[in-house]
Amino acid sequence: MLIEGQKTLDEKLAEAVAGGLDPEQIADDIATARQEAIDAAFAEITAVEGTLSSMIGGKTATKWSTSNPPTVYDGAVDDTWVKLTSLGSGGREIGRFRWNGNVWVTHKVDGAVLSNVDAATITTGFLDVVNRIRAGSILADKLIVASGANVIPSNPDPKITDFPFLNYDEVEGGVKAPGKATHYSESPFVLPSGKYQMTIDMKSSVEGTTAYMGIYSPVPRWVYGISNQSLTSEWETYSGVFEVSEERQEHSHTLRYLPAYEGDPTATVWFRNLSVRPMVGGTLIEPGGIQTPHLAADVLEVGNLKVGTAALAEAVIAKLFAEVVVAKMVGAEEFIGENAILTGAVTASKITASEELWAKLAQFVTVRAEMVDADVFKGRRFEGVDIAASRFTAGEAVEITESYGIRQFGPDGALNVSFPSDGSPATFAGDVRAKSLTATGRMSIEGPAVVASGGQLQLESGVTPPATPPNVSSYTKRTQFPQLADNENAVGLAFDGTHFWRAVDNSVTGGPDRMERIDTSGNLVSSFEHEFWVRNGITVIGSELFALGIEEGPLRDKSKRFIYVYDFNGTLVRKWEYAAYGSGEYQPGIGTDGTYVYVAQCWADGHVSWRKYDKTTGVGQARYDSVAKIGVDIVGFDIGTFDYGTSTAVLTGSKETGGVDIFHPTTGERTYYGGWYAGDKEAVRGTVWANGRFHHLSTNGNLITMSTTKYPNGTNGPDTNDWWAVYTWHDGTNETTISTPRQFTCMRRAGIKLSTGEMPAGVSSVRVYVARKSTEPARTDYGLVSAVWSGDSLVLQDLGTPGANPPTSNTFPNSTPGLIRSTQGGFEVKGDGSGKWGPLTFNPDGTMSSSAVPAWVPVTTFASGYGPQTWGFAPAYRVWPDEKVEWRGVIRKSGTPTSNNDMTEGTADLFTVPEIARPAQAVNCPAASTSGTNLRRVEFSSSSAPTMFRVYHSQSGGGWVSLEGIYYYKS
């Protein structure tokens, strides 16, 4: 509806168009005006916002906290940060900082502010005064005087540290050490002998963490100035005293630092302001006394003198006695009390007898025979006394005299029985009939002797001492693990507290590899398959399995090594690269100390090092180098106390002899002759400590358990051939004397195995005794050891401490067999079945020998790296009267032969043929061996080596060769 006079929009537009106005231009003008209005409004808002920001930014703020200010800060310039010990009541201000727009600036309190500070408020730290402290008196638990010179190398820039693995922390203002480790400084310094005071500021991210700081030299190792200090989360100053001996002063020193040694091993520890200053005079005053050898005599006034354990000088004792004891005796009315009569000072002439004294004597005095004077004793009986007389008689039939002894006469006065006192033979007149008769001495039959019809003359057998010495060899216990297939190899050995682990590699390309969990009896408990080539071993930390090796895949890169971490179900938890692999001249080995992962490796020049890694992140923690050049692939490495009593690194190299070496875990110092040979001096694939013993993984995948006898000779040193073993027969009660001895070598961490003769009837067990002596021991040198049966042999897995000596005599009844023999010695028969008849000797076991048959002569000296085989006869020969030479026994490669004399690689001379057994010409024979078709050529007295026994290589090298069945004639 339109109001009167109004026009419609169309009418108005028509008029505007008629007047020359463009409708589209109107819309553009409206849009332009609107945008200009919006832009003007935003400009006004921006101006207001800038003004407000400037006004707000001009105001500063003060922050209160118990921690240091943050590195990144978006507050205003000149903001203040106040650090307090606590935000509660009683919190003390310990730091003040100002923000300059880029960093926080520290403001220290000037000395002028402290002019009225009460000294009673100073409860921690030190007053480090250049010149002196002046006071009327000093109250202190100890007074220590030290010089002002810091004797350790120091850099004026505190941000430069001498520890290669530690850096300066800008925020905390000190050297930062993350986690438990042992650190050594690089710059050596020399300390003269004497006492030193060490001072250092320290703090920790975790309250209660302990730290050590000291000095180290090769001899005698380390000494700490700061020891077992419990740290707080605030900077505190710690001080301690240590002494440098005359022995130590001859060596260069470095600093030895142990942060987070006890408490939380992941704690971070900071230190600063380290100093070591020589002490002047040492500790002068301590609680309870003055510690000095000299005091001026005219200034010591003592109200109460206490005497300790120190000795008084003779002059002092004499003066005290003259001026105190003697002087007091002059005026004393009574000096000697009831306890002061000296022994032997009272004589009988000074005793007045009384009835009371006689009554006392009657209770204790013994009356002797010479005190009694009497002719006849009647009506009494003598008991428990000795009677001496020249003659005793019993009627007319029996007399006992000193001249004739005991004699008995018949009714006719004839002498029937005589036991002469002069030791001549006793005589009996008449026949003697006895139920049994035993003659312990010589018995002569002077007339005809007859064994009546039905009677027997029997020679008793008895149990005699063993006739042969034991055969002795080294022993290690072996446990069969699950059998491997022909295309499988086992590598790496680990222990999780209850079970062993081994890695099994399938040599077929694409074939599955696996980890096996095996109980201590050798039974498979569980396993899982994985896709990772465990080239360099495994270890276990907690419930995780760590494997070192090569990643699988079509682009397998053998120049790199990785560590894969699995749980016990086979799930890959994480992995990281072992980036320090290098050229791979020698292969690395993996191990643990129970907390960290370690990888040990020899470098191209043969030196060995080991690196420490965080088990979770794989971040390197430290590297330790040894000066020892061992130059081997490493198949086992672990750090622990084991049975050494101190932290020790145990390294197993891939050697034919299975050599194991031990080192100091941080200095790398090698303990020579501290290690051992694995198994029977054989190559192994892994080493682990479990259940109080070291164990190895053999090349065929089985378990070798070593002995706990780490040093059979008492201390580390070479194995020696000065041990002896004997044995006896035993039935639980009776025991024979010892056998003839056998000399043997007792090796480190190896037991011994003994083979004895066959036990005779009546014997139920064997006792073994050992001794160590350079010459053949006496009976009293031997001690009993505990041996158990294993098959047909006795074994001692652990030597232990030898016990009781063997018996002096054979306690078996009838222990010596009965004997009938000729006085000429050509004939004898014993009750045990043995005997002799001319050249023939009959043994108790039914065997026979002849003196006309030559005895076997053992070969005892071999070329380096060779010796008798552990089975079969020992190498020996015998020469018959017709110059026939026979050989027997087996020789093996037992060590590392000299250059160009290894029978597994070529021709080798194994021993010198004794002159009595050498043929006039060279003799060639076939011999059993592990080479080729199990035969190889051997030669006695070759033209190029006429004194040697030579073995030729044949088709391939074998580790042993047999002499059985070989014989020849000397000419």
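This is a predicted model: local features need pLDDT of at least 70, side-chain atom pairs count only at pLDDT 80 or more; totals for chains, interfaces and linings use all residues.
Visitor: Is Phe428 buried or exposed?
Guide: Phe428 counts as exposed, because its relative accessibility is 54%.

Visitor: Which residues form a nonpolar patch with Phe428?
Guide: The patch on the surface is formed by Phe392, Val398, Ile400, Ile406, Phe419, Phe428 and Val432. Together they have about 650 Å² of accessible area.

Visitor: Let's zoom out. How many helices and strands does the protein chain have?
Guide: There are four helices and 65 strands in the protein chain.

Visitor: And how much of the chain is buried?
Guide: Of the 971 residues in the protein chain, 35% are buried. The chain exposes about 59,000 Å², and carbon and sulfur atoms supply 52% of that area.

Visitor: What about contacts across the sequence, how many join residues at least 24 apart?
Guide: If you take contacts between residues at least 6 apart in sequence, 55% of them join residues at least 24 apart.

Visitor: Okay, show me a pair of strands. How do E30 and E31 pair?
Guide: Strand E30 (residues 561–567) and strand E31 (residues 572–578) are antiparallel, paired over six bridges. Ile563 stands opposite Trp576 in E31.

Visitor: What happens between the two strands of that hairpin?
Guide: Four residues lie between the strands, and Gly570 in the hairpin takes a positive phi near 100 degrees.

Visitor: Which residue does Arg574 form a salt bridge with?
Guide: Its partner is Glu544, and the closest N and O atoms are 2.7 Å apart. This pair links distant parts of the chain, with Arg574 in strand E31 and Glu544 in strand E29 (residues 544–551), 30 residues apart.

Visitor: Are those two buried or exposed?
Guide: Both Arg574 and Glu544 are buried.

Visitor: How many salt bridges does the structure hold?
Guide: It holds 26 salt bridges. There is also a network of them linking Glu488, Arg502, Arg514 and Glu516.

Visitor: What does Arg623 pair with?
Guide: Arg623 forms a salt bridge with Asp625, where the closest N and O atoms are 2.8 Å apart. Arg623 counts as partly exposed because its relative accessibility is 35%. Asp625 is partly exposed too, with a relative accessible area of 38%.

Visitor: New topic: what is the strand order in the open sheet of three strands?
Guide: The order is E56-E59-E64, and the pairing is antiparallel. Strand E56 (866–868) and strand E64 (960–962) are the edge strands, each pairing on one side only. From one strand to the next, the twist averages 25 degrees.

Visitor: How many bridges join E59 to E64?
Guide: Three bridges join strand E59 (residues 890–893) to E64, and the two run antiparallel. In one of the pairings, Val890 has Ser962 in E64 as its bridge partner.

Visitor: Which residue forms a salt bridge with Arg892?
Guide: That would be Asp680, with the closest N and O atoms 3.5 Å apart.

Visitor: Why does Arg892 count as buried?
Guide: Because its relative accessibility is 15%, and buried means under 20%. Asp680 is partly exposed, with a relative accessible area of 25%.

Note on methods:
Residues are numbered from 1 along each chain as its sequence is written. Side-chain values use heavy atoms; hydrogens and water are left out. Patches are made of residues with over 30% relative accessible area and no salt bridge: like charges are joined within 9 Å, nonpolar side chains (Val, Leu, Ile, Met, Phe, Trp, Tyr) within 5 Å. Accessible areas come from the Shrake-Rupley method with a 1.4 Å probe; for residues, only the protein chains shown count as cover. A salt bridge is a side-chain nitrogen of Lys or Arg within 4 Å of a carboxyl oxygen of Asp or Glu. Buried means under 20% relative accessible area, exposed over 50%, partly exposed in between (1.4 Å probe, protein chains only). Two strands pair if DSSP finds at least two bridges between them. Axes are lines fitted to C-alpha atoms, for helices over the stretch in contact, and angles run from 0 to 180 degrees between N-to-C directions. Contact means heavy atoms within 4.5 Å.
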